[in-house]
Amino acid sequence: MNTALASLLVFVSPAPAAATVALAYDVPGGCPTQEEFVAAVAARGAAFDGAGRADRTMVVAVRQQDDGFAGGFQVRDGQSTTDKREVHGASCGEVVDALAVVTAIALHPAEPPPSPPSMAKAHPSKVSEAAPPEPRLRASTRFFSPRSESVEVGAGTLRFDLQRSVTAYAGGTMGMIPSVFMPRYDLSVDTAHFITTPAGAQRIAGPVLQARLSGLGPGTYRSSDSTTYFGGISFGIGVCQSPIYDTRGWVVLLCGEIAGGHVNLWTKGADGKEIQSKNIGFGALNLGAEVRYNFASVFQVGAKVGGGLTYGELTAERADGSRIFGSSVGLSWSAYALLGAGVHF
């Protein structure tokens with residue numbers, strides 16, 4: 001532990017005897033309170049004097065990680081802030097005990113106090129110059145985010161992460177061609193921009209953006225005197241809100257999308273002769289919901305449903321010009337449901 005403490009204090013200027021020193025203490029619930037931390041520092045022969053305007057502030061922060069707890073220590077004055085150094089431990093109490101020793105040494109470096117027995121449980125070998133990236137990102141978007149916003153953060157590193165997901169879906173859609181279930185195959189890509197503060201708080205900047213490419217069909221529409229075969233492609237760009245986005249758990253997306261595409265139609269008569277062939281473009285406005293579960297560091301499974309309004313002359317006609325199917329105004333409602341799997345990184 002002495003080597004770990006020495007590496008911490010290389011970057012911490014000792015507080016002069018006449019200087020006043022204050023404490024900024026930030027830990028998760030269930031950790032020792034600030035009063036308990038101050039008492040632990042006092043038990044090692046040191047004390048804070050933050051009455052009035054302090055010359056220096058010792059910043060002590062602890063955050064929870066998947067493998068335990070990480071504690072950070074910095075000294076801040078009016079002109080500068082020392083580099084952040086960290087100690088990792090299996091429990092919050094162990095990390096707070098380690099930081100109490102470091103703080104006491106920084107307050108009175110000429111008389112280093114002995115480490116208590118509990119310090120042997122900490123992990124000095126994990127002291128690092130910078131906080132390691134969090135393996136897990138958890139946050140949500142806001143439906144009515146302001147155009148501009150100021151957020152107070154403590155001293156340290158502000159981290160930005162781009163979370164991407166690529167998912168292949170298969171299912172079907174109803175409504176584009178009346179009374180016909182049309183197979184649909186999607187390749188969907190979305191991105192979320194995460195921000196992590198020095199204290200470990202996380203949020204998503206802006207909405208989640210999504211793009212997709214879909215294959216439609218093949219499908220068949222049969223009437224008493226004709227058969228129409230169809231297939232096509234569709235593409236869309238969407239903006240999504242996420243009530244929950246957890247890269248090691250559930251992801252829920254509520255999306256609005258503008259889309260387009262085209263469908264090829266081939267119509268044959270009862271005798272098997274082709275009577276019509278055409279390529280029809282269409283546009284669509286869709287709303288959908290998507291649920292995914294990230295069950296590993298890379299892989300995910302998901303499902304999505306939705307529907308919307310489609311505009312286009314999706315019609316087929318007989319040789320005499322009479323209509324086999326299609327909307328007279330070119331508008332139709334459609335709905336879809338799909339299951340899929342993919343990766344996130």
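A patch here is built from residues with over 30% relative accessible area and no salt bridge, joining like charges within 9 Å and nonpolar side chains (Val, Leu, Ile, Met, Phe, Trp, Tyr) within 5 Å. Keep in mind that this is a predicted model: local features need pLDDT of at least 70 and side-chain atom pairs count only at pLDDT 80 or more, while totals for chains, interfaces and linings use all residues. Residues are numbered from 1 along each chain as its sequence is written, and side-chain values use heavy atoms, with hydrogens and water left out.

**Nonpolar patch**

- I244, W250, V291, Y293, F295, V298, F299 and V301 make a nonpolar surface patch of about 700 Å², with areas from the Shrake-Rupley method using a 1.4 Å probe and, for residues, only the protein chains shown as cover.
- Two elements give two or more residues to this patch: β12 (274–293) and β13 (299–311). Strands like these are DSSP runs of E with at least two residues, helices are runs of H or I with at least four, and both are numbered from the N terminus.
- F299 sits in strand β13. F299 counts as partly exposed because its relative accessibility is 48%, on a scale where buried means under 20% relative accessible area, exposed means over 50% and partly exposed falls in between (1.4 Å probe, protein chains only).

**Salt bridges**

- Side chains of opposite charge can pair when their charged atoms come close. The rule used here asks for a side-chain nitrogen of Lys or Arg within 4 Å of a carboxyl oxygen of Asp or Glu, and the count comes to 11 salt bridges.
- D190 pairs with R292, with the closest N and O atoms 2.8 Å apart. D190 is in strand β7 (residues 181–196) and R292 is in strand β12, so this pair ties together parts that are 102 residues apart in sequence.
- Are these two partners buried or exposed? D190 is buried, at 1% relative accessibility, and R292 is buried, also at 1%.
- R292 also meets E290 in a salt bridge, at 2.9 Å from N to O. E290 counts as buried, with 3% relative accessibility.
- R323 and E317 form a salt bridge through their side chains, at 3.9 Å from N to O. R323 is partly exposed at 38% relative accessible area, whereas E317 is buried at 14%.

**Largest pocket**

- The largest pocket holds about 360 Å³ of space. On a 1 Å grid over the protein atoms alone, a pocket is an open set of points where a 1.4 Å probe fits, with protein on both sides within 12 Å along at least five of seven lines. Grid points are joined across faces, edges and corners, and the volume is the space filled by probe spheres set on the points.
- Its lining has 19 residues, with R142, E149, I195, R203 and A205 nearest the centre; a lining residue has an atom within 4 Å of a point.
- That lining divides into nine nonpolar, six polar and four charged residues. Ala, Val, Leu, Ile, Met, Phe, Trp, Tyr, Cys and Pro count as nonpolar, Asp, Glu, Lys and Arg as charged, and the others, Gly among them, as polar.

**Contacts across the sequence**

- D190 and R164 are 26 residues apart in sequence, and their C-alpha atoms are 5.8 Å apart in space.
- I105 belongs to helix α3 (residues 92–107) and is buried, at 7% relative accessibility.
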